[in-house]
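Here are my notes on the model you sent over. I have kept them as numbered points so that you can check each one against the coordinates.

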Amino acid sequence: MRASTDHILTSHAGSLPRPDDLIETNRAREAGEPSDEHAFRQTLRAAVGDTVRHQKELGIDIPGDGEFGKSVGNRVNYGAWWNYAFQRLGGLDLAGPNLDHMTPRLARPGEIVLTNAGRRRDRVRFAAAYADPVSGVFMGPRPAMGPICVGPLTYTGQDAIKADIANFKAALADAGIEEGFMTAVAPGSAYRIPNAHYERDEDFLYACAEAMREEYKAILDAGLVLQLDDPATATSWDMIDPEPSVEDYKKFIMVRVEALNHALRGLPQDRIRFHLCWGSWHGPHTTDIAMRDIVEVMLAVDAGAYSFEAGNVRHEHEWRVWQDVKLPDGKLILPGVVSHATNVVEHPELVADRILRFANLVGRERVIASTDCGLGGRVHPDIAWAKLEALAQGAALASRQLWGGRA
Amino acid sequence: MRTSSDHILTSHAGSLPRPDALIEANRAREAGATAGERGYDEVLRQSVAEIVRRQRELGIDVPGDGELGKATTQRINYGPWWRYSFLRMSGLSPGGLTLYELPPRRSGPDEVVLTSFADRRDRTRFAAAYADPASGITTGPRPPSPVCTGPLVYTGQQAIAVDIANFKAALAAAGVTEGFMTAVAPGSAYRIPNTYYKTDEEFLYAWAEALREEYKAILDAGLVLQLDDPAVADNWDMVNPEPSVDAYKKFTMVRVDALNHALRGLPQERIRFHLCWGSWHGPHTTDIAMRDIVEVMLAVNAGAYSFEAGNVRHEHEWRLWEDVKLPDGKLILPGVVSHATNVVEHPELVAERILRFANLVGRERVIASTDCGLGGRIHPDIAWAKLDTLAQGAALASRQLWGRRA
């Protein structure tokens with residue numbers, strides 16, 4: 001992985017706004033309408049090329065493919081980052097219950113279970129706001145059905161990941177960029193669906209880890225940086241009812257981290273980055289767990305870099321965590337310094353302030369400026385791009401302060 | 001005005017979520033249901049009492065009346081803070097065009113003029129986002145703007161008397177000694193079509209004279225007067241093409257002079273001034289820097305200044321107080337929670353923001369506030385959660401600034 005050797009590098013958390021023609025093609029395919037597969041592949045390839053070029057123009061040093069291979073059929077979409085996996089796994093029946101309607105489950109001390117997405121504690125506390133279509137919490141159309149595991153999980157996405165990799169590598173080559181990252185969902189986030197096959201939760205989790213390992217390997221074998229998306233590490237807290245003890249929660253999450261590390265065994269840590277977030281929906285987020293409580297769990301992931309939210313008002317103050325916590329040698333952080341959580345575009349000077357706080361604590365070479373979460377589907381496309389621009393401008397300001405006039 | 005003598009006081013920028021019953025009563029009243037007038041008065045009175053009680057419960061030291069007397073008929077509404085004044089003036093006639101539909105006007109290097117709302121530069125740059133109903137930028141109803149067709153005279157005596165009576169009763173019932181009431185400043189109010197006054201400045205000063213009556217009523221009642229004057233900052237975006245900072249400052253100083261004219265002889269120590277860059281949920285990339293207008297703001301004859309500092313476009317601007325001296329005896333009310341995001345500010349972030357200001361201007365001179373009114377701009381339950389976190393953050397900051405006693 002590139003490090004910020006002579007200026008603060010910039011990247012982002014993954015999802016970028018899809019062009020309208022790609023959304024329309026995805027929508028038609030998702031709806032099962034007849035579609036011209038050749039034309040679809042062309043559209044996707046061209047879109048990935050454009051988005052990589054656009055990132056380069058704005059000054060993003062380490063671009064992604066915008067997650068364009070992860071199908072999105074609507075401009076507003078918060079789910080593609082993990083829903084894509086259900087298209088790439090055998091053993092699932094995709095006509096199961098909608099995940100919001102899974103049976104709610106209550107946790108007990110020492111016995112942590114996840115309830116359903118509709119019973120999240122912040123969602124219950126602010127039920128009226130979440131239900132209000134004009135509150136801005138709207139997360140796009142909810143699928144009527146959801147996946148359920150009915151047989152042994154196998155990875156069946158070989159062609160899909162191959163196409164994603166080919167599109168992205170071609171785009172990187174065209175833009176003259178050496179390093180790019182591609183996202184894949186972590187088992188602890190992916191396995192949160194109904195399971196009628198595996199006897200125990202953990203069996204299901206590890207089956208997911210084994211299956212997804214194939215995708216991780218494909219991305220790494222192609223020479224790309226792998227970003228593991230694992231919001232569940234933080235968002236599961238809000239999904240446990242009633243609120244558990246921090247100790248119980250950490251124990252629960254460590255099981256998921258171990259499954260992820262199992263999936264990563266023997267893979268090159270120096271090209272793996274881990275993305276933690278508290279869920280990208282525009283809710284109040286009053287029940288988010290504190291970063292301080294889970295930072296050790298995060299650092300137990302066998303990754304070379306850690307991406308996390310630090311650019312929204314619930315987590316901005318948590319840079320102070322790094323006053324006390326030591327970032328292991330040789331590892332990097334990618335704090336979010338611009339966010340999807342507000343339409344207002346961050347002022348470049350605020351972006352620089354935020355970067356400097358981290359650089360002063362962990363060292364300038366170990367900070368890559370990033371976004372809180374994917375911008376695609378979560379803010380208007382034009383605002384998303386303006387935020388990447390502010391990110392690059394802010395990183396340039398910070399670099400000038402950190403390296404002097406040359407940068 | 002109370003100052004933060006032994007802990008960081010809390011207040012907010014004015015508008016609070018209207019209860020549904022009041023919104024419904026406003027709607028019935030607007031539809032001409034005069035039979036309900038007495039019922040309306042009662043709903044309003046009770047709503048003000050309830051909202052003051054609620055602020056007190058949450059730990060807001062200097063409450064307002066939530067601008068509840070400034071009617072809104074919809075939950076989402078960014079306009080009552082100034083539209084209320086149109087109902088309190090004679091000389092205005094119903095117009096046919098909204099402020100968005102007025103013809104755009106171009107400024108020259110030596111002549112700053114305001115263009116239409118639709119021609120604002122941020123709005124032009126992000127036209128697709130502003131037009132997208134799913135982008136979250138919608139600002140609610142856009143009624144046609146009135147037109148000034150005769151001499152402006154203040155006719156809101158009864159309305160302001162009712163507002164004051166409701167608020168004072170609510171404060172007394174809650175045992176709160178100090179409360180604030182908002183009124184629009186002439187430089188913000190006068191931005192409507194005018195066919196009567198010969199020049200812009202005559203029109204501006206006519207507003208100043210007329211509104212002075214409202215200011216006096218609020219101050220005579222012993223309340224703190226808050227002057228809402230976003231135009232000082234948000235006009236910048238409404239000048240197209242972008243003017244020079246000097247030309248803009250000159251333009252804005254004319255408006256500040258008019259406001260000071262309206263405030264002549266009034267007790268500065270009970271007047272606070274509210275500056276903001278417009279509360280709509282847009283990108284705000286064309287907001288003028290606070291540094292460029294801080295002197296203009298400080299030229300207003302007020303004892304305290306409220307401004308946005310809790311959103312990502314203006315959060316970094318606390319640093320300007322490293323260089324700018326706050327005149328002796330004056331206070332600031334920085335926004336430390338904001339309407340610009342649904343996410344509720346963490347109390348520790350609120351405390352951090354307060355401490356930055358307190359360390360620069362002195363703890364006694366900071367009152368923790370909101371960026372802008374929360375009512376109509378964010379879901380009611382989120383608005384209240386933000387006031388809750390504001391109070392919690394102020395308590396954290398107070399503990400740091402005064403030690404354990406606070």
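1. Let me begin with the contact between the two chains: 33 residues come from chain B and 34 residues from chain A, a pair being in contact if the C-beta atoms, placed from the backbone, lie within 7 Å. On the side of chain B that touches chain A, α5 (127-131), α12 (347-361) and α13 (380-402) of chain B each give at least two residues. That side of chain B divides into 14 nonpolar, 12 polar and seven charged residues. Here Ala, Val, Leu, Ile, Met, Phe, Trp, Tyr, Cys and Pro count as nonpolar, Asp, Glu, Lys and Arg as charged, and the others, Gly among them, as polar.

2. A word on conventions and confidence. This is a predicted model, in which local features need pLDDT of at least 70 and side-chain atom pairs count only at pLDDT 80 or more, while totals for chains, interfaces and linings use all residues. Residues are numbered from 1 along each chain as its sequence is written, and chains are lettered from A and ligands numbered from 1 in the order in which they are written. The model scores ipTM 0.97 and pTM 0.97. For chain B the mean pLDDT (the predictor's confidence in each residue, from 0 to 100) is 95, and 99% of its residues reach 70 or more. Helices (H or I, at least four residues) and strands (E, at least two) are DSSP runs, numbered from the N terminus.

3. Now the sheet of chain A. Seven strands make an open sheet in the order β1-β9-β8-β7-β6-β5-β4 (chain A), with parallel pairing; two strands pair if DSSP finds at least two bridges between them. At the edges are β1 (9-10) and β4 (181-185) of chain A, each pairing on one side only. β4(A) runs parallel to strand β5 (residues 225-229) of chain A and is joined to β5(A) by five bridges. Within that pairing, Val185(A) has Asp229(A) of β5(A) as its bridge partner. Helix α14 (residues 381-403) of chain A packs on the sheet, where α14(A) touches β1, β8 (332-338) and β9 (368-371) of chain A; the direction of α14(A) makes about 120 degrees with that of β8(A). Such angles run from 0 to 180 degrees between N-to-C directions, and axes are lines fitted to C-alpha atoms, for helices over the stretch in contact.

4. What is the strand order in chain B? The open sheet of seven strands reads β1-β9-β8-β7-β6-β5-β4 (chain B), and the pairing is parallel. β1 (9-10) and β4 (180-184) of chain B each have a single partner strand, so one side of each is left without a neighbour in the sheet. Strand β8 (residues 331-337) of chain B and strand β9 (residues 367-370) of chain B run parallel and are joined by two bridges; Gly335(B) has Ser369(B) in β9(B) as its bridge partner.

5. Two helix pairs in chain A deserve a look. The axes of helix α2 (residues 37-58) of chain A and helix α6 (residues 158-175) of chain A come within 9 Å and cross at roughly 40 degrees. α2(A) and α6(A) are therefore oblique to each other (angles under 35 degrees count as roughly parallel, over 145 as roughly antiparallel, 65 to 115 as roughly perpendicular and the rest as oblique). Residues in this contact include Leu44(A) and Val48(A) of α2(A) with Phe168(A) and Leu172(A) of α6(A); by class, the contact of α2(A) with α6(A) has seven nonpolar, two polar and four charged residues. In the other pair, helix α8 (residues 201-221) of chain A packs with helix α10 (residues 246-263) of chain A at an angle of about 35 degrees, with the axes 8 Å apart.

6. In chain B, helix α1 (residues 20-30) of chain B and helix α2 (residues 37-58) of chain B pack at about 150 degrees, with their axes 10 Å apart. α1(B) and α2(B) are therefore roughly antiparallel to each other. Among the residues of their contact are Leu22(B) of α1(B) and Leu44(B) of α2(B).

7. Finally, some backbone details to inspect. Asp241(A) and Pro242(A) are joined by a cis peptide bond, with omega about -5 degrees, and Pro242(A) lies in the loop between α9 (232-235) and α10 of chain A. In chain B, the peptide bond from Asn240(B) to Pro241(B) is cis, with omega near 0 degrees; Pro241(B) lies in the loop between α9 (231-234) and α10 (245-262) of chain B. Glu67(A), which is not a glycine, has a positive phi of about 60 degrees and is found in the loop between α2 and α3 (80-86) of chain A.
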